[in-house]
Amino acid sequence: MSVKIKISYKNDEELAGVIRLLSPILQSWKVSKSQEGRYKKAYAVVEPRDDPEK
């Protein structure tokens, strides 16, 4: 099961930090074409890891 996450950010460094944190479970990500408004937007698709204790 994958999860789609909407990321709102002000500058590219913030987005890079979020992508770096999500990288172990990140499948793909893309920046929204519409960058109008107070915050820029990006979308990430993550695949949750299985719980090793199960």
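**Starting from a serine**

Reply: The side chain of S32 reaches the backbone nitrogen of S34 at 3.4 Å. This is a polar contact (N or O atoms within 3.5 Å; within protein, one must be able to donate a hydrogen and the other to accept it, and residues adjacent in sequence count only if both atoms are side-chain atoms). The model is predicted: local features need pLDDT of at least 70, side-chain atom pairs count only at pLDDT 80 or more, and totals for chains, interfaces and linings use all residues. Residues are numbered from 1 along each chain as its sequence is written, and side-chain values use heavy atoms, with hydrogens and water left out.

Me: Is S32 buried or exposed?

Reply: Buried means under 20% relative accessible area, exposed over 50%, and partly exposed in between (1.4 Å probe, protein chains only). S32 is found in the loop between strand 2 and strand 3. Its relative accessibility is 16%, so S32 is buried.

Me: How many bridges join strand 2 to strand 3?

Reply: One place to look is S28, which stands opposite V45 in strand 3. The two strands run antiparallel. The number of bridges is five.

Me: Which residue in strand 3 is the bridge partner of K6?

Reply: Strand 1 and strand 3 pair in the antiparallel sense, over seven bridges. Strands of a sheet pair through backbone hydrogen bonds, either parallel or antiparallel. For K6, the partner in strand 3 is Y43.

Me: Which residues is L15 in contact with, leaving aside its neighbours within four places in sequence?

Reply: Contact means heavy atoms within 4.5 Å. L15 sits in helix 1 (residues 12–22). Its relative accessible area is 6%, so L15 is buried. What covers the buried residues of helix 1 includes strand 1 (3–9), strand 2 (26–31) and strand 3 (40–46). The contacts of L15 are I7, Y9, W29, V31 and A42.

Me: Which eight residues make up the largest nonpolar core?

Reply: A nonpolar core is a set of buried Ala, Val, Leu, Ile, Met, Phe, Trp, Tyr and Cys residues joined through side-chain atoms within 4.5 Å. L22 is in contact with A44 and V46, leaving aside its neighbours within four places in sequence. The core is I7, Y9, L15, I19, L22, A42, A44 and V46.

Me: Which residue forms a salt bridge with D12?

Reply: A salt bridge is a side-chain nitrogen of Lys or Arg within 4 Å of a carboxyl oxygen of Asp or Glu. The count comes to one. Its closest N and O atoms are 4.0 Å apart. The partner of D12 is K40.

Note on methods:
Helices (H or I, at least four residues) and strands (E, at least two) are DSSP runs, numbered from the N terminus. Two strands pair if DSSP finds at least two bridges between them.
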